Amino acid sequence: MLFWFPVSLFGETGAPLNWNEANATFKRYCTSCHGGKLPDADLNLENIDYRADLEGDPEKWMGILQALRTHYMPHPDGREMPLEKRQPLIELIRQGLVEHAAAFDSHSATLRRLNRVEFNNTVNDLLFTKQNWAESLPADDAGYGFDNVAAALSFSPLLLERYFDAASRAASIAVPQRVEGKQWSLNAAEFKGGHGSGRARMVVSAGKKNGTRHLIFFPGKGTYELGLKVSAQQAGNENARVEFWFDGERLGEHEVQAKRKQKPEMKRHMVRVTRPGEHQLEVVFVNDFYKKTDKGKQDRNLIFHGVDLTGPVQKPDDLRSPFLDRYFGGIPGKLDHKELSDGIMRFASRAYRRPLTTEEARGLWEVFRQNAQSEGEAWDVLNGLYAAIDAVLTSPSFLFRLEGGEEMVREQRDSFALASWLSYFLWSSMPDERLFELARQDQLYENLESELQRMLADPKAVALAENFAGQWWSFRDLSFHKPDTEVYQGGDRELMRAMQQETRQFFTYVLKNDRPLLDFLGADYSFVNQRLARHYGIEGVEGKHFRKVSLQGTMRRGVWSQGGILTVTSHPNHTSPVLRGHWILENLIGLSPPPPPDNIPSLPGTEGKPDPADLRDSLAQHRENPDCASCHNIMDPIGLALEHFDGIGELRDESERQALKGETLFDGAVIKDPVDLATYFQERRSEDFVRNIARKLSTYAAGRGLDWQDEAALERITRQTRSQDYRFSALIQAVVNEFAPLPERASVIQVTSTTETP
Amino acid sequence: MIPRRTFLRGVGSIVALPWLESLMPAGSLQAATTAGNTGSPTRMAFIYHPNGVIQENWRPGAPGALAANLSRTLAPLEPHRNLVNVISGLKHDHANPNGDGPGDHARATATFLTGAQAKKTGGSDIFLGRSFDQVAADHLSAGSRFRSLELSATNYRRSGVCDSGYSCAYVYNFSWQNERTPMPPQVNPREVFKQLFGASDPRELEQMEQRMARQRSVLDTLRDDAKSLNRKVGQSDRDKLDEYFTSLRTVEKRLQTKVFDPEEIPSDFKLPYGIPASYSEYLDTMYDLMLLAFRTDSTRVITFLQAHDGSNRTFPELGVTSGHHQLSHHKGAQDKIDHIEHIDEFYLQAFGRFLDKLSKTPDAEGRSLADSCMLVYGGAISDGNKHKHDQLPVILAGGRVKGNRHLSYDDVPMCNLYMSMLEQAGGSIPRFGDSTGVLPRV
């Protein structure tokens, strides 16, 4: 069953409190420290007008609210505040904040630079490519847990240099150039991997990892011939065999006969190069042989000498591209000025995600003309187009999203701004054709609900799993998390990848099937492949693909007991109940305590490789200090319940788990194991969870840290989501209502000075 | 015989390179001429050592000439002791909480080059200070193609919040253009190469001149775009656009320098493939790029954040499978201390290899490249176990200052060292960070 009202979660609570009645509670539990001449933490709660104080300093009251919710206050060596006193006070303060915030309109950050994921997706959608544009950009700084927070996305000279570089590469793909075929050679000495052997590379072990490889620069699109020079050292009863791979695709396999003086033989392959630039060639030894005998050793090796390259051979089609077809409808050389200009403007308008102004159109044509025109000769149209692409992809109108926000004048909140806001929120990329079409007709707002459904059903919505959940739940970190494989033998890359995929797929499932958000807390299903099923002790799952399985009869529920989460909240060689407890409080139920004080004393008895009993005892000892207890009473019992799993999320042996007794949580709940935790979440913390996911998703959507002014918006989002059975789509819709730049219908104005629309 | 570059610099630089003067910040032309007493420009690099050091193994002994037997951690620098000064008694007060509570790691990395107190924020109002490398670049960079180069050997970033309420911007960035704007480092050696030289292949380099001409031709349009955007947004967003304008100016200057001549890249230089799997190879590759950048005079100011304070990197090649940060809180446990000793040694060995290559590489005047360098190696945490920010481990290396010394001071701001370095390089500013003057005897 679902629990609807926060007060009902605590059955004990009575009628709502008013501020006058609150006076007695403050007096009884708070003012002995927070009163008098020198109140603790500079917070005076004695003889003040609470309501006025809250309105005068709402940030402070946000802090008071959080301290009460997490039982951080009253301090453990003070008087215990019972739930029936605490809960009404919490509700009263929350209500006060919500009412005060109601006067403020929530909004998104005004100007946001595309982060590197958004840049990557946008360039691909704009140019119809599938390149990795992100890898050459510096990483983005994150704020409030997300790397799309506007204030943390700074702009630096390096970034502009890299954007120029990306623009050049993008241009060379978008507008293929005629390149004269040539012949050239690469010496094996330039290759990486294998062992140096004069000017050749010797490959002594089989397998892709042990091969030799190089990133080869190809000057143009087209077909090239590779002449690959190999020889072998013979041993055993078969010839050496070699495989060649090009951009991760296998070209073929050959036998290599050992010859005198290791004279190389030439193996030929044709390759299709679909874009100018670097492509990877790999030379792999298939059948290594090594044997020590009385007479010495028998050793079969492969020797790679180098490659002769010839090309490109270009067919007429090699000079076309989706970019040219789509924006220009043909080959540049055959287009007149009007067609060229129209094409550039169509491209720029999509890039800027809005109609161009006449000044912008004039500026771009000027850039084109200046670079294309050459005296007395035919125009160099390609150079002109390259320059236009440079200009568009490094323009602030492309690199920054301007979609609304507090300071932006209302007239600028048009349908184009809304289309862009929605598509970066749900897809981490630019709007598609349909969104642009609705924006052109100014019909997007009217079709908002159906468009949201369509966008969530689109494959691009997986961006929410990757970028929102990946950071919210930190499963992105599994990409570089390296467990100590001496302690955790199974903790290899394959397992990390499998765990990442589980959580990604779990989130996507809830999203795509519009399941209740509470599945994240309590789902009795998950997604595993054979590797992960073995890790979890689930039988009957074979193969590499992931499938939905029931978790009935296991200790796992929801996202918090998935292997990946348990792993990223562990150290490489041991678990941390504190980190795990904190992760759940911060990310799931929004009850994270304040950060620890400076130079905290270390936990006694946790040297080496502590087991669950050590950790339990050590933490219990530590909580005897009231200063530590005020936060650790919150974190530890939750974290200790998860001690049933080791540092890579595997269920521990029965004997180790024996040591784990039930711990009493700050609100009196007794939690013994993950199953208790699941019940506790469901019965007592659903509301906190929904409030918290509303906050997280709103931060991600708005691109800024939220403050007290957003409390009313968050309250409305929570209420709306609850009223629709906690459906994912209800949450999305509610966040859009509060934070998207929705046009004011009365004041929508026509954009007048435009030439071209996307 | 006067080396050609000295000739240009000393006598005819304005005539020979008419655009040069307009590119230089006021006063720097004079600085370049006075500082360039050997003919080569002064080159600076700042290299960060994360999570403090084991103090007992670092201590350089009595002040004066460096002890005959260097301490265990410093021993890898023995072959180059004449290039090396160990400086003790420096501190970074602004790495302390000063009322801001926990977050020593974020603060320490942030403070090292800025001497400023990081504003505690999750991201909305990041505020630190301009870093010293950027100040130095004002005085040193005229004539080189890039004002500065920022590198890091940390190729991952944790998601979520970084350190006790501090934005990740303080943790992963080392160099700061101004109080609000970090200079993000590059982590992929191949991309660093491409940034420095424009391409990874000679055939691509052939197109560079035309590419740069195109890029120059679009700058005015971009400026117009930014101006029109500026009119549509409020003050706080104008700061963002200011960053764009600044970047545009920097790139514009770079585009006015000559096209890089690939002949300058030594024939034995092997193009980095990507990020090496082995960490020591990763560090070496980054150091090799620093060497190449100095050698080709691509830049004269480099920052290299090997890893940040709080970095929990493991070192499988040393048999260290616990995280560095976790180990640094060793609480006196000998096995952990042993691991940290290995890690400290590992980092110093890599630095030693860099010094080795620098001293064996000739510069344009035929002298050793090391002679024209001033390198700072160190960190803003002295003892990782206790997060202390005084008695910092600091090395000043390179031929621009007399070497083989242990310079000892009594609790003096690290920023005083930066003041001295700038003075050595012929520049001067009244104050930097929390400086109280220059360091005597440097």
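Trainee: Leaving aside neighbours within four places in sequence, which residues is Ala388(A) in contact with?
Mentor: First, this is a predicted model: local features need pLDDT of at least 70, side-chain atom pairs count only at pLDDT 80 or more, and totals for chains, interfaces and linings use all residues. Residues are numbered from 1 along each chain as its sequence is written, while chains are lettered from A and ligands numbered from 1 in the order in which they are written. Two residues are in contact if their C-beta atoms, placed from the backbone, lie within 7 Å. With those neighbours set aside, the partners of Ala388(A) are Ile344(A), Leu364(A), Val367(A) and Phe368(A).

Trainee: How many residues does the largest nonpolar core have?
Mentor: A residue is buried if 20 or more other C-beta atoms lie within 10 Å of its own, exposed if 12 or fewer, and partly exposed in between, with C-beta atoms placed from the backbone. A nonpolar core is a set of buried Ala, Val, Leu, Ile, Met, Phe, Trp, Tyr and Cys residues joined through C-beta atoms within 7 Å. Ala170(A), Ala388(A), Ile389(A) and Leu731(A) have the most contacts inside the largest one, and the number of residues in this core is 178.

Trainee: Which helix gives this core its largest share?
Mentor: Helices (H or I, at least four residues) and strands (E, at least two) are DSSP runs, numbered from the N terminus. The largest share is 11 residues, and it comes from residues 157–174 of chain A, which form helix H6.

Trainee: How many residues are in the other core that lies apart from it?
Mentor: Among the members of that other core are Phe197(B), Tyr287(B), Ala380(B) and Leu439(B). In residues, this core counts 88.

Trainee: Moving to chain B, why does Ser40(B) count as buried?
Mentor: Ser40(B) sits in the loop between helix H3 (28–35) and strand S1 (43–48) of chain B. Beyond four places in sequence, its contacts are Asp363(B), Ala364(B), Glu365(B), Arg367(B) and Ser372(B). Ala364(B) is 324 residues away in sequence, yet the C-alpha atoms are 7.6 Å apart. Ser40(B) counts as buried because the number of its C-beta neighbours inside 10 Å is 27.

Trainee: How many other C-beta atoms lie within 10 Å of Arg147(B)?
Mentor: This residue lies in the loop between helix H6 (132–140) and S4 of chain B. Setting aside neighbours within four places, Arg147(B) is in contact with Ala137(B), Ser141(B) and Thr250(B). Arg147(B) is buried, and the number of other C-beta atoms within 10 Å is 21.

Trainee: In S7(B), which residue is the bridge partner of Ala45(B)?
Mentor: S1(B) and strand S7 (residues 301–305) pair in the parallel sense over 5 bridges. The bridge partner of Ala45(B) in S7(B) is Ile302(B).

Trainee: Which helix gives the most to the side of chain B that touches chain A?
Mentor: Here 69 residues of chain B are in contact with 70 residues of chain A. With 12 residues, the helix that gives the most to the chain B side is H10(B).

Trainee: What is the average pLDDT of chain B?
Mentor: pLDDT is the predictor's confidence in each residue, from 0 to 100. It stays under 50 over residues 1–38 of chain B. In that chain, 91% of the residues score at least 70, and the average is 88.

Technical notes. Pairing = 2+ DSSP bridges.
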